[in-house]
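Biologist: I am new to this model. Please show me how to read its features, one at a time.

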Amino acid sequence: MTADRTKRTCLAVILAAGESTRMKSSQSKVLHPVAGRPMIAHVVDALAKAGISDIALVLGRDAEKVEAAARSAAVSSTVHIQTERLGTAHAVLAARDAIAKGYDDVLVVFGDTPLITEAPLIAARDGLARGADVVVIGFRTADPTGYGRLLVENGELLAIREHKDASEAERAITYCNGGLMAIDGRKALDLIDRIGNENAKGEYYLTDIVEVVRAAGGRAIAVEAPEEELTGCNTRAELAVIERLWQQRRRHEMMIDGVSMIAPETVFLSHDTKIGRDVTIEPNVVFGPGVTVESGALIHSFSHIEGAHVSADAEVGPYARLRPGANLGAGSKVGNFTEVKKAEIGAGAKVNHLSYIGDAFIGAHTNVGAGTITCNYDGINKHVTRIGADAFIGSNTALVAPVSIGSGAYVASGSVITADVPDDAVAFGRARQENKEGRAAQIRARNQAIKDAKKKAAE
């Protein structure tokens, strides 16, 4: 027996062939996202972190989509289709060909437990390395109703007793079956093949492997995982609970690592959100996929950020939207009710309020006035606006791309700019103002006459 887990080979079997009927969804439940990522991808990530590189996917519904969602550069996976639903042991045997290759360890997990981490998986494999034939991952809970109880005596797992079959004394046990387990790979097929279906449903339950192994003179043990890590998902309500638990865990990790969140329960992160130390996040902020925020940045309330890079000491919001391709330089600011898409905002530049900046390059320390928009789309193609350093763009300016504004240039408020502006030039792109004396009174009189005529006609 190899006592060192790192020298043992391991196959992880992910069970993900369920019909997902209780989700009432047009797609397999394991495709539903947690933190913007299919839940099965979270499971694969935990397996990879546990040092497991070979995975057997037991699939049914949406097999091609689930395979794609589970694909990872860190693991090698094979697909095995389960055509009948005859219990968990039967599901594992759908991957018989993979198990038969002779791995030291076989780890059985579920595709709908996205909160699992590598720690209990490693602990289960360590149990095999120390000589156990089966290691069940369990959890302790204040309310064990409905869960199978783990009957442990002197460190040995004697059986898994289902709630309906448990005695009063057994029902008082709070150590419960989490469903995940590790099996000695050299014995796995033989042990699983011995599991019978003498039960009310006529199904083959993997939990029966504990009594099978003990009857054969083998040894079963249990290792403990936090209850939340084994939370499964069958309904939309349970999916919402998992999302909440994932967000709580990730927020806590970030705050411990030096991120300030004023009201953390109102901040929503994506699976790949990266936030540096000394960043402050105000209430009600949403991070979509692909966001990096560097140290010292300030994210004000009600901002939505996706696919964007916020450099050190930059400031965002409140009520700002950064769309994919937004790249804010160090010390820059994108303020309230401003949207930025596929645009470079130079170091120290400011787009303070009520603006749309898309497909643009804005130089360092340039000021973009309120209401400025880049007119980047002509109905067919997107065009680029380029603004140099230290420029000043007056309020309510429309920059009709493709167009370039030179460094140090000024653009007068209310301008529509359709031609390039040289460095240090001042551009006026608006009609000359003309006042018509007395015309307002004439317009009011005309409008009142029309209103009176309509009222008389209605009578």
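This is a predicted model: local features need pLDDT of at least 70, side-chain atom pairs count only at pLDDT 80 or more; totals for chains, interfaces and linings use all residues.

Modeller: Start with the naming: helices (H or I, at least four residues) and strands (E, at least two) are DSSP runs, numbered from the N terminus. Residues are numbered from 1 along each chain as its sequence is written, and side-chain values use heavy atoms, with hydrogens and water left out.

Biologist: What is the peptide bond from Gly 317 to Pro 318 like?

Modeller: That bond is cis, with omega near 5°. Another cis bond joins Ala 401 and Pro 402, with omega about 0°. Pro 402 sits in the loop between strand S32 (398–400) and strand S33 (403–405).

Biologist: How do I read strand pairing?

Modeller: Two strands pair if DSSP finds at least two bridges between them. Here an open sheet of 10 strands runs S12-S15-S18-S21-S24-S26-S28-S31-S34-S36, with parallel pairing. Its edge strands, S12 (260–261) and S36 (426–427), each pair on one side only. Take S15 (residues 280–281) and S18 (residues 298–299): they pair in the parallel sense over two bridges. Thr 280 stands opposite Leu 298 in S18.

Biologist: Is Asp 278 buried or exposed?

Modeller: Use the cut-offs: buried means under 20% relative accessible area, exposed over 50%, partly exposed in between (1.4 Å probe, protein chains only). Asp 278 is exposed, because its relative accessible area is 59%. This residue lies in the loop between strand S14 (274–275) and S15. Its phi is positive, about 65°, although Asp 278 is not a glycine. Lys 342, in strand S25, also has a positive phi, of about 45°. Lys 342 counts as exposed because its relative accessibility is 53%.

Biologist: And Phe 337, where is it found?

Modeller: In the loop between strand S24 (333–336) and strand S25 (339–345). Phe 337 is partly exposed, because its relative accessible area is 48%.

Biologist: How do I read a pocket?

Modeller: On a 1 Å grid over the protein atoms alone, a pocket is an open set of points where a 1.4 Å probe fits, with protein on both sides within 12 Å along at least five of seven lines; lining residues have an atom within 4 Å of a point. The second largest pocket is lined by 14 residues. His 42, Asp 45, Lys 49, Trp 246 and Arg 249 lie nearest its centre. Helix H1 (39–49) and helix H9 (236–256) each give two or more residues to that lining.
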